[in-house]
Amino acid sequence: MVIDDLKQNEPIAYRSLSNAFKNNKIAHSYLLTGEYNPLKIETAYLIAQSIVEGKNDFACETCDTCKRIRKNEYFDVIYVDGYSELIKKDDIENIMDEFSRTSLESSGKKVYILANINNATTKVLNMILKFMEEPSNSNTYGIFITDKKEDLLPTVVSRCQEIPFLTRDFSFLIDKYLDIFEGRIAEYGLNDNNILVI
């Protein structure tokens, strides 16, 4: 479960969020910072699940609602993947439009997650900032993920509760280089001593 990984690998982030939920002091905007780490994305979903469940604790991660949120099937949680493509004006306009309407889910809480928020133009970041300052209602929450906090607009950073992630997950690099190596083997082959022939 994500909560176990968070507790073991990112104790500062775990304690910050645990205290916020237990003391009912949930921020309307969170900024998950630190170098690239897939656990930040999983934690963003965990925050969304916990906000929606509203139990003054971390979400269970196992109920139908939690599963729907994680699969991006929950109508009032929107995830925008800035790691795979640029966060566009249309993405933010879609969030603003959807969140201006009556909630489709029973909790009434709406959460948007912007992964790799750095992958947006200054114009789009200013749209995000305006939406943060003037949300459609008090049950709207934003979760932002950045690998380079220093490149964000200071005004965006200042309006968020920062949750620092201190470790870096290198597994994605290992997977990337294994894929490259396996591709080279397929292309060139190995000699009798199992050395790549180029």
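**Note on the parallel sheet and its helices**

1. In this predicted model, an open sheet is formed by 5 strands, which follow one another in the order β2-β3-β4-β1-β5 with parallel pairing. The edge strands are β2 (77–81) and β5 (161–164), each of which pairs on one side only. On average, and with direction ignored, neighbouring strands of this sheet are turned by 15° against each other.

2. Strand β4 (residues 140–145) deserves a separate look. Strand β3 (residues 110–115) pairs with β4 in the parallel sense over 5 bridges, and within this part of the sheet Leu 114 stands opposite Phe 144 of β4. Strand β1 (residues 29–33) is joined to β4 by 4 bridges, and these two strands run parallel; here Tyr 30 has Ile 143 of β4 as its bridge partner.

3. Is β4 enclosed by the rest of the structure, or open? Because 6 of the 6 residues of β4 are buried, the strand is largely enclosed by the rest of the structure. In a regular strand the side chains alternate between the two faces of the sheet. In β4, Thr 140, Gly 142 and Phe 144 point one way, while Tyr 141, Ile 143 and Ile 145 point the other way, and all of them are buried.

4. Strand β1 also pairs with β5, to which it is joined by 4 bridges, again with the strands running parallel. In this pairing, the bridge partner of Thr 33 is Pro 164 of β5.

5. Helix α3 (residues 38–53) lies across β1, β2, β3 and β4, and runs at about 170° to β4. Helix α5, for its part, lies across β2, β3 and β4, and runs at about 170° to β3.

6. Two packed helices are described by the angle between their axes and the distance between the axes. For helix α5 (residues 89–99) and helix α6 (residues 122–133), the angle is about 15° and the axes are 9 Å apart, which means that α5 is roughly parallel to α6. The crossing of α5 and α6 is left-handed.

7. Which residues of α5 and α6 make the contact? On the α5 side they are Lys 89, Ile 92, Glu 93, Ile 95, Met 96 and Phe 99, and on the α6 side they are Val 124, Met 127, Ile 128 and Phe 131. Sorted by class, the contact of α5 with α6 has 8 nonpolar residues and 2 charged residues, with no polar ones.

Key
Residues numbered from 1 in each chain as written. Predicted model: local features only at pLDDT ≥ 70, side-chain atom pairs only at ≥ 80, totals over all residues. Heavy atoms only, no water. Axes fitted to C-alpha atoms, helices over the stretch in contact; angles between N-to-C directions. Parallel < 35°, antiparallel > 145°, perpendicular 65-115°, else oblique. Left-handed = near helix turned anticlockwise from the far one by under 90°. Contact = heavy atoms within 4.5 Å. Nonpolar A, V, L, I, M, F, W, Y, C, P; charged D, E, K, R; others polar. Buried < 20%, exposed > 50% of the residue type's maximum accessible area, 1.4 Å probe, protein only. Pairing = 2+ DSSP bridges.
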